[in-house]
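Please examine the sequence and the structure shown below. The paragraphs that follow lead through selected helices and then through pairs of aromatic rings.

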Amino acid sequence: MSGIKQNPGLYKIVVTHYVTAAFCFSALSVMMLCSVKAFTGHYFHPQILAITHMAALGWGTMIILGASYQLIPVVLETELYSERLAWISFALFMPGLIALVYSFWVFVPGIHMQCGAILLLLAVVLFTVNVYLTAKKKKQQTIQEDFIFSACICLCLTIALGAALVFNFTLSIFPQDHLHFLKLHAHMGLIGWFLLMLIGVSSKLVPMFLVSSYQSTKLLTYSYYLIVGALLYFLVDSYLFGLSLRTYLIFAIGTAGLTCYFIFILKCLRSRLRKHIDLPMMNSFLSFILLKIATLTVPFIIYFYLRNNPVTIRFSMIYGEFMLMGWITALILGQTFKTLPFIVWVKHYEHLTGKFKTPMPADLFSNNLLKAQTVSYLIFCVTFMPGCYLLFMPLIYVGVAALMITAMLYLSNIFIVLFHKTKTYGKL
Amino acid sequence: MASFDITDPNSFFKEQIIETLRLVMDPELHINIIDLGLVYGIEIDSPKKQIQVQMTLSSSYCPMGESIVSAVKNCIEGHYEGYTTNIDLVLEPVWSYNNISDEGKRLLRI
């Protein structure tokens with residue numbers, strides 16, 4: 001039975017990651033505003049590289065690391081191995097992130113970029129060690145553990161390859177073209193890290209938040225082997241031969257794995273006891289739709305690439321935008337208000353429950369701000385992505401402005417939760 | 001599931017405790033833990049002034065587990081002065097949909 005206890009040390013680690021990620025999200029929206037024109041060009045552009053790494057590391061990875069310190073012990077049903085390792089990892093990650101993003105932005109591939117990459121690599125290795133030692137304490141192995149640990153390995157490999165690419169700018173380590181490795185680096189990150197980690201964690205959290213009676217993990221097992229199989233096949237095949245007709249087959253295998261996960265979510269949704277779906281969960285379901293759209297662009301990328309048609313670059317940009325700014329962002333925007341209020345609520349009210357009437361976790365954030373945030377984020381999705389595809393600047397500007405508003409509303413709501421004052425409504 | 005036994009001298013007290021525990025809410029579902037069927041049994045040792053609550057959680061990895069357990073303890077000890085409460089958190093039988101009372105189902109709009 002769950003014996004996970006909230007302690008002040010863990011609370012500080014988790015909250016620090018959430019707040020840092022929220023600031024990175026705001027910085028990301030400002031960076032996007034400053035480089036609107038870059039979205040109409042090639043993705044191998046200094047500002048796009050800086051924005052992508054800010055989105056993937058400062059926003060997506062930062063919040064996943066923070067949430068992991070809280071949720072991995074829950075998912076793995078054991079306590080976190082070491083809080084000190086978590087702090088050291090954060091202390092390495094932040095300067096690494098700043099150095100890397102700044103070096104990309106001004107595009108000086110020298111010592112700062114290299115140091116940034118090494119610091120990030122050390123940070124994620126420490127994170128992986130912490131997760132491994134946490135999981136080791138537990139005897140029973142679950143499919144969620146496989147997802148999470150594989151994701152951590154992929155994160156380390158992604159950053160290791162990224163670091164090698166950074167050194168390749170000045171040392172010419174690889175004989176092949178830089179872009180050849182960029183797609184391996186990107187997919188190890190997007191599929192290996194984000195997809196596996198988010199499936200692993202969400203496959204425990206979604207049934208829990210919906211109070212679903214669906215318990216079988218068979219679909220998740222299929223999903224795991226199909227996605228990991230497709231990823232490994234893609235990495236080897238793409239490294240040796242580049243994109244080819246076989247890439248369609250790999251895509252089909254990966255999509256089959258993703259479909260198993262979607263069916264799992266659908267079964268949880270259908271068998272849920274909690275009929276009312278709140279706004280944070282609605283945001284999470286929106287993220288699944290955006291992931292589906294991102295997936296649908298892949299055959300077009302392959303098709304145009306094989307015909308040497310430059311439209312493949314447009315589809316690659318759209319794919320990356322739907323993955324990072326669509327799927328991952330929507331999921332974070334929603335799940336933050338499922339997880340953070342609980343974390344803060346436990347700190348304020350655990351000792352008072354049963355004695356006094358207290359607010360519920362959902363009362364800790366402003367629902368109106370969350371509604372406004374959801375609307376502005378939807379405006380971003382329906383303007384920015386089409387704007388980038390059509391190369392229509394006014395739409396891109398509207399989208400980026402909507403994203404900035406989303407980031408401000410998100411940050412404000414985070415602070416409302418964090419600065420919540422304990423209150424009771426009389427004795428029980 | 002906690003049930004009423006007329007032959008048990010503590011039956012009325014147990015019923016009273018069950019009613020008291022209706023004040024403890026599941027923070028996510030917003031319904032009380034009795035109608036949710038989380039409480040499996042209550043044992044009272046009157047001479048020693050001890051109350052033993054056997055209960056479960058809606059999922060074994062419930063992050064609010066500690067809060068619900070501490071709420072049950074606080075609630076009983078706050079209402080019945082001098083009594084100490086022990087919580088026996090069990091995995092078996094696993095909590096399921098069938099544990100929810102008719103009132104709970106009505107509240108959940110099932």
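How many residues does helix α6 of chain A have, and how far does the helix reach from its first C-alpha to its last? Helix α6 (residues 178-210) of chain A has 33 residues and reaches 45 Å, close to the 48 Å expected at 1.5 Å a residue; the expected span is 1.5 Å times one less than the number of residues. Helices are DSSP runs (H or I, at least four residues), numbered from the N terminus.

This is a predicted model, in which local features need pLDDT of at least 70 and side-chain atom pairs count only at pLDDT 80 or more, while totals for chains, interfaces and linings use all residues. Residues are numbered from 1 along each chain as its sequence is written, chains are lettered from A and ligands numbered from 1 in the order in which they are written, and side-chain values use heavy atoms, with hydrogens and water left out. Chain A averages a pLDDT (the predictor's confidence in each residue, from 0 to 100) of 92, and 98% of the residues score at least 70. Among the elements of chain A, α6(A) has the lowest mean pLDDT, 90, whereas helix α12 (residues 393-418) has the highest, 97.

Just after the helix, A:V211 takes a positive phi of about 50°. Of the 33 residues of α6(A), 31 are buried, that is, under 20% relative accessible area (1.4 Å probe, protein chains only).

Helix α8 (residues 246-270) of chain A has buried residues that include A:T247, A:G254 and A:F262. The buried residues of α8(A) pack against α6, α7 (218-241) and α9 (279-306) of chain A, contact being heavy atoms within 4.5 Å.

Aromatic rings form a further theme. A search of the whole structure finds 32 aromatic pairs over all chains; rings of Phe, Tyr and Trp (its six-membered ring) pair if their centres lie within 6.5 Å, and planes under 30 degrees apart count as stacked, over 60 as edge-to-face and the rest as tilted. The rings of A:F25 and A:Y410 have centres 5.9 Å apart and planes at 90°, so the pair is edge-to-face. This pair links A:F25 in helix α1 (residues 8-34) with A:Y410 in helix α12 of chain A, 385 residues apart. A:F25 is buried, at 0% relative accessibility.

Technical notes: Helix = DSSP H or I, 4+ residues; strand = E, 2+ residues; numbered from the N terminus. Buried < 20%, exposed > 50% of the residue type's maximum accessible area, 1.4 Å probe, protein only.
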